[in-house]
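Q: Hi! Could you walk me through the structure below?

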Amino acid sequence: MKRKAKPRIASLRERAGLTQLELSRLVGVTESTIQNWESGRTGIDHIERITKFCKALNCQVEDLIEYINEISEEQAAKPSSLTDIRNLLGTEEPTQVVSDLEPKPQPSEKSKSKA
């Protein structure tokens, strides 16, 4: 015997102290959509499918959705400069170290006489 789904949205909404309008704004749907969901006219089949997913996968609703930043992972992974590539590889740009012990080049006699 198959059970008929009965929406509990209205009781949960009331327990949360929200109006249909407030809930609609939080969810991102129209108030009439909330009314239809609460009355059972529409939307319950989607909720039932989500419930079946969660039971089959032994997970929570939040586990079904992966949130990503507005920048796609592909864009974020692409280096845009030589420095980015070195950072990804863990290498550093070779630096030229000048020692105080090394003699500094002296101007030649020819360049002194021209000055």
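Q: Thanks! Is Glu14 buried or exposed?
A: Glu14 is exposed, at 53% relative accessible area; here buried means under 20%, exposed over 50% and partly exposed in between, with a 1.4 Å probe and protein chains only. Keep in mind that this is a predicted model: local features need pLDDT of at least 70, side-chain atom pairs count only at pLDDT 80 or more, and totals for chains, interfaces and linings use all residues. Residues are numbered from 1 along each chain as its sequence is written, and side-chain values use heavy atoms, leaving out hydrogens and water.

Q: Got it. What does Arg13 form with Glu14?
A: A salt bridge, with the closest N and O atoms 3.8 Å apart. The term needs a side-chain nitrogen of Lys or Arg within 4 Å of a carboxyl oxygen of Asp or Glu.

Q: And which side chain meets Arg13 at 2.4 Å, N to O?
A: That of Glu38, in another salt bridge. This pair links distant parts of the chain, 25 residues apart: Arg13 sits in helix H1 (residues 9–15) and Glu38 in helix H3 (residues 31–39). Helices are DSSP runs (H or I, at least four residues), numbered from the N terminus.

Q: Are Arg13 and Glu38 buried or exposed?
A: Arg13 is buried at 11%, and Glu38 counts as buried at 14%.

Q: Switching topic, how many salt bridges are there?
A: Three. One of them joins Asp45 and Arg49, with the closest N and O atoms 3.4 Å apart. Asp45 and Arg49 are about one helical turn apart, because they lie four residues from each other in helix H4.

Conventions
Helix = DSSP H or I, 4+ residues; strand = E, 2+ residues; numbered from the N terminus.
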